[in-house]
Amino acid sequence: MLWIMQLSGFFSAAMMMIVLSPSLQSFPPAEAIRSSHLDSYIQLTSFQVSTSPDSQDDRFSFRKAFEFRNADECGFADHKTTGVCDPTLVHVAITLDVQYLRGSIAAVHSILQHSLCPENVFFHFLVSETDMETLVRSTFPQLKFKVYYFDPEIVRDLISSSVRQALEQPLNYARNYLADLLEPCVRRVIYLDSDLVFVDNISKLWSTNLRSRTIGAPEYCHANFTKYFTNSFWSDDRFSGTFRGRKPCYFNTGVMVIDLVRWRRAGFTRRIERWMEIQKSNRIYELGSLPPFLLVFAGRVAPIEHRWNQHGLGGDNVRGSCRDLHPGPISLLHWSGSGKPWLRLDSKRPCPLDALWAPYDLYRHPH
């Protein structure tokens, strides 16, 4: 009974945040969350796209989203003529992975729902499995997107063991290769993790002034930066000396605005690969794909308002404990950490803030 009272209190706090924050007031009513078999979702290795709402054989399908149209002030652009190279487009890159597919679909849904000009958003989906295009098209029939295959073998020999096995998946490293995968005419892209939702217009993030920097992201300079690397890293000047002359701060790589022109010119992909090679022989960090980004970019990041990455809502990397919102306005909610809202909701053990993710979930539960 005490547990129920505490949970009720937590939900009340979450709802109070919605009332107080203008950027959260456009939430639709939460959809009903039905139970499903958690293990069958986690262990899923293949899926079928639903062609009929009454199909009994589809184990992994999504409801079709409503059509989202541009507001009158968006103007007219003939995207069919110019395609991906249309300079008026907002470019978004996100991975499509079976284990996190439900999160990716919810992220896309949230972007469309809160965008003033949803028809001007172009999605670049990074995949390591086939048949994803059909699923996306059936869920978002009007969506502008392209699917890019990322070969896991490119990074297989560069990946080191991490504190969580999920951080070792090759697709986590696809963001390192965006400058090579995307068309040369794509000059800027917003990279997003799969475990987040927008509650604000993505065009505001797109318009970030990067000044002379290659990437922009919210920085957290109060965080203990030393913990992202091992003692052997800090004790060896060959490695730690890379930060000399910089003021490095932690930033989360799940939300980044990237200048691909500068990236290509400076060859940052190879710089990141070099640190991954050093890691294989010297063990200078423990946290998957994040530290190489910190080594190359920390202290050289265009700062973005914290409202664009309310991260850590998945809890810590070991226990996945529930977290509260950080103080301040909110434009993006990010369930980084080991706990994911769709798994906790299905297991009927949600954290209070998981209720803010639920309205964007399009997953069709098996009957």
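A disulfide is a pair of cysteine sulfur atoms within 2.5 Å. The model is predicted, so local features need pLDDT of at least 70 and side-chain atom pairs count only at pLDDT 80 or more, while totals for chains, interfaces and linings use all residues. Residues are numbered from 1 along each chain as its sequence is written, and side-chain values use heavy atoms, with hydrogens and water left out.

**Exercise 1.** Determine the handedness of the disulfide between cysteine 221 and cysteine 249, and state whether each cysteine is buried or exposed.

*Solution.*
1. The sulfur atoms of cysteine 221 and cysteine 249 lie 1.9 Å apart.
2. The torsion about their S-S bond is about 100°, so this disulfide is right-handed.
3. Buried means under 20% relative accessible area, exposed over 50%, and partly exposed in between (1.4 Å probe, protein chains only).
4. Cysteine 221, at 52%, is therefore exposed, whereas cysteine 249, at 9%, is buried.

**Exercise 2.** Carry out the corresponding analysis for cysteine 322 and cysteine 351.

*Solution.*
1. A disulfide with an S to S distance of 2.0 Å joins cysteine 322 to cysteine 351.
2. Its S-S torsion is about -85°, so the disulfide is left-handed.
3. Cysteine 322 has 43% relative accessibility and counts as partly exposed; cysteine 351, at 4%, is buried.

**Exercise 3.** Describe the disulfide of cysteine 74 and the overall pairing pattern.

*Solution.*
1. Cysteine 74 is joined to cysteine 117, S to S 1.9 Å.
2. A torsion of about -95° makes this disulfide left-handed.
3. Both cysteine 74 and cysteine 117 are buried.
4. The structure holds 4 disulfides, and with bonded cysteines counted along the chain the pattern is 1-3, 2-4, 5-6, 7-8.
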